[in-house]
Amino acid sequence: MTYTLNFSAVWRSFDLLLQGLALSLGLAALAILAGCAIGLITAFGLVSKSALWRRPAGLYVTIIRNTPILVLVLFSYFALPELGVRLGKIESFVLTLAIYSGAYLAEVFRGGLIAVPPGQREAGLAIGLTELQIRTSIIIPLMLRNVLPSLGSTMISLFKDTSLAAAIAVPELTFEARKINVETFRVIETWIVASCLYVATCSLLAALMRAVERRLAVPR
Amino acid sequence: MSNLLEIRDLHKRYGTVEVLKGVDCTMRQGEVISIIGSSGSGKTTMLRCINMLEEFQGGTITLDGAEIGYETVGGVRRRKPEREIARQRALTGMAFQQFNLFPHMSAAANVMLGLIKVKKMGRDEARALAEKWLDRVGLLSRIDHYPGQLSGGQQQRVAIARAIAMNPRLMLFDEVTSALDPELVNEVLQVIKGLAEDGMSMLIVTHEMRFAYEVSSRVIFMNQGRIGEEGDPREMFVKPKTERLAEFLKSSTFN
């Protein structure tokens, strides 16, 4: 059996794939941004001395991290409306991915927080800084430097997770690829091109994160 | 003249372990007091109570007439609001055994942080003060270096500049030379001596006996959570009154 690769049908729809990719990037950017905020607050909860903060933070991480993301996506799109929460496809997916990434990022940030020596906080206290000032000027900047390598791979994972939005017909890259596949019957070509787009984008993200790492590296 | 610092019946427990069992101490402005004693005697803990890095369960600490950390309202002793504690902490400066410089900030930025965030100074004014104090500790040429690019002794001098620049009423030194290589100890001690000559009030927890002897107007010997003996170093080190201090001095090196 021979199969002759013919990409011309895919190229004709290439702009659709690019539009899908742009939407994928947009979804990921919004979700990760919100996820970073959620994750940061949750991480401080996880390392809090007070059980009042620690318990809910722990519960959130446990529930979200132990549920497959596809289940979460389907739940918020199909089950939430039954409970009276009606969201559009895109809003529903961004919210889900934000909550999902928040749980992962919380664990990443927690690791970074416990790696900051307690002497840093004490030095801040000794010059009269408040806890909030210590967090914003000392703890968070040091924590971010600690987590940059793992933050990069978490972001790449989250970007790839946007492909699950295809399950609820959000027209992102995977969804568009499937559409082209069905319309052109060029199965292999379509998925090769879609994969290449994912690989290229992720490689770019990785390079970007390494540049940030270098930029923020503490001189020694 | 009224006292700069008054410590009355200070009690501190970690769980059920009592580490300070009633410490009384007063200090006048301009005094340089060294606190010596074996490890576990409570000297570092006492120092850390003064700027509320440690909570304490009994007694009072008063700086310039104001009670540190706690207030008694309607017969109930309670911790002061965090904002007020932060304000009080800025009245003292502390240098740590491990320096604790902020590694992501240059020497200048380390000194400027408190000036900008706590003293609400403008950047230019803060930078000028950072230059003044880094020059004073002999590190003006390293002003834009990061802690990771400095030797231990240099880091400790930056840390002292960071504390002094805040213009504290009282400086607290917590074993500031213990983490240093022997050849770097002297440069730090020289800086502290210079501050003593300027009339800075200082409490110095140290294992450097010769330094304590030379720099202090008074020495406090801590023993098992209490003040075992205190007095003029020239008398105490020559003729200790208690058996414990005699033993401690015998096991210490004077170099």
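Predicted model: local features only at pLDDT ≥ 70, side-chain atom pairs only at ≥ 80, totals over all residues.
Ser24(A) belongs to helix α2 of chain A, which spans residues 14–46. The serine counts as buried because its relative accessibility is 0%, under the 20% cut-off. Beyond residues up to four places away in sequence, Ser24(A) touches Phe159(A), Thr162(A), Glu172(A), Leu173(A) and Tyr198(A).

The largest nonpolar core holds 136 residues. Within this core, Phe173(B) and Met202(B) touch the most other members. Helix α7 of chain A (residues 131–161) gives the most to the core, with 13 residues. Another core, of 10 residues, lies apart from the largest one. Among its residues are Ala212(B), Phe221(B), Met236(B) and Leu245(B).

The two chains also meet at an interface. Here 20 residues of chain A are in contact with 26 residues of chain B. About 2000 Å² is buried between the chains, 66% of it on carbon and sulfur atoms. One salt bridge crosses the interface. It joins Arg48(B) to Glu122(A), with the closest N and O atoms 2.7 Å apart. On the side of chain A that touches chain B, α6 (118–126) and α7 each give two or more residues. α6(A) gives the most, with seven residues. By class, this side has 10 nonpolar, seven polar and three charged residues.

Conventions:
Residues numbered from 1 in each chain as written. Chains lettered and ligands numbered in written order. Heavy atoms only, no water. Helix = DSSP H or I, 4+ residues; strand = E, 2+ residues; numbered from the N terminus. Buried < 20%, exposed > 50% of the residue type's maximum accessible area, 1.4 Å probe, protein only. Contact = heavy atoms within 4.5 Å. Core = buried A, V, L, I, M, F, W, Y, C linked by side-chain atoms within 4.5 Å. Buried area = accessible area lost by both parts, 1.4 Å probe. Salt bridge = Lys/Arg side-chain N within 4 Å of Asp/Glu carboxyl O. Nonpolar A, V, L, I, M, F, W, Y, C, P; charged D, E, K, R; others polar.
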